[in-house]
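Thanks for coming. I will go through one structure today, and I will keep to side chains and what they pair with.

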Amino acid sequence: MSNSDAGAVPVLNVANVLTVVRILLVPFFVWFLLADSGEGGLLRWLAVATFAVAIYTDKLDGDLARSRGLITNFGKIADPIADKLLIGSALILLSVLGELWWWVTIVILARELGITLLRFAVIRYGVMPASRGGKLKTVVQTLAIFLYLLVPALGDWAWWPAVVVMMAALAITVVTGADYVMQALRLRRSARNTAL
């Protein structure tokens, strides 16, 4: 009996392939960005293009998974991992290159790691779905990183818009992190009250 006969979605589908492609693009993005060393030359533009393609695959795989019924457990796990790899590596590299303050990178990565661990900690009580705020956070973080990537290529004038958007991303990151903590506490309290 095939997967389709059983009503199961095959793991090897276009949405999951795009997720894997996004993961495979991360080393290329890292190499282009480090090899350019903040000079804003051809390699920097290749890093920008690679980041843009990777971000587009994120939107495309999500749209395809929902519209074609291609949601799988693999996709549920791999998609956020791919996002965190791409955004995390971008933040770290921008800090390594001296283009983004380390404290910003540390706050964002600490929040991401903390919420991921929190999700695992409360999974026995239920699943914490991604909130609208969480999705907004990812969009604004991505835009901020994209602007930072463009600064050496466009010139110093582009730094201020990048900083403003990154500060907005940081604020949303912290606020949504606090919201997830409250969600986790409510979920645990609700599960314990039901068990009584």
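**Side-chain pairs, one at a time**

Leaving out residues up to four places away in sequence, Asn 16 is in contact with Val 11, Thr 72, Phe 74 and Gly 75. Asn 16 sits in helix 2. Is Asn 16 buried or exposed? Its relative accessible area is 5%, so Asn 16 is buried. Please keep in mind that this is a predicted model.

Now the charged side chains. In general, side chains of opposite charge can pair when their charged atoms come close. There are seven salt bridges in this model. One of them is between Arg 44 and Glu 99, where the closest N and O atoms are 2.5 Å apart. That pair links distant parts of the chain, 55 residues apart: Arg 44 is in helix 3, and Glu 99 is in the loop between helix 4 and helix 5. Arg 44 has 0% relative accessibility, so it counts as buried. Glu 99 is at 17%. Why does Glu 99 still count as buried? Because the cut-off for buried is under 20% relative accessible area, and Glu 99 is at 17%.

Next, Glu 112. Which side chains does Glu 112 meet in salt bridges? One is Arg 111, at 3.5 Å from N to O. Another is Lys 137, with the closest N and O atoms 2.7 Å apart. The pair of Lys 137 and Glu 112 links helix 6 to helix 5, and the two residues are 25 apart in the chain. Lys 137 counts as buried at 6% relative accessibility, and Glu 112 does so at 11%. Elsewhere, salt bridges with shared partners join Arg 22, Asp 58, Asp 79 and Asp 83 into one network.

On to the rings. How many aromatic pairs does the structure hold? Five. Among them is the pair of Phe 29 and Phe 51, which is tilted, with 5.6 Å from centre to centre and 40 degrees between the planes. Phe 29 belongs to helix 2 and Phe 51 to helix 3, 22 residues apart, so this pair also links distant parts of the chain. Phe 29 is buried at 0% relative accessibility, and Phe 51 is buried at 1%.

Trp 159 and Trp 160 form an edge-to-face pair, 4.8 Å centre to centre, with 75 degrees between the planes. Here Trp 159 is partly exposed at 27%, whereas Trp 160 is exposed at 56%.

Key: Residues are numbered from 1 along each chain as its sequence is written. This is a predicted model: local features need pLDDT of at least 70, side-chain atom pairs count only at pLDDT 80 or more; totals for chains, interfaces and linings use all residues. Side-chain values use heavy atoms; hydrogens and water are left out. Rings of Phe, Tyr and Trp (its six-membered ring) pair if their centres lie within 6.5 Å; planes under 30 degrees apart count as stacked, over 60 as edge-to-face and the rest as tilted. Helices (H or I, at least four residues) and strands (E, at least two) are DSSP runs, numbered from the N terminus. Buried means under 20% relative accessible area, exposed over 50%, partly exposed in between (1.4 Å probe, protein chains only). Contact means heavy atoms within 4.5 Å. A salt bridge is a side-chain nitrogen of Lys or Arg within 4 Å of a carboxyl oxygen of Asp or Glu.
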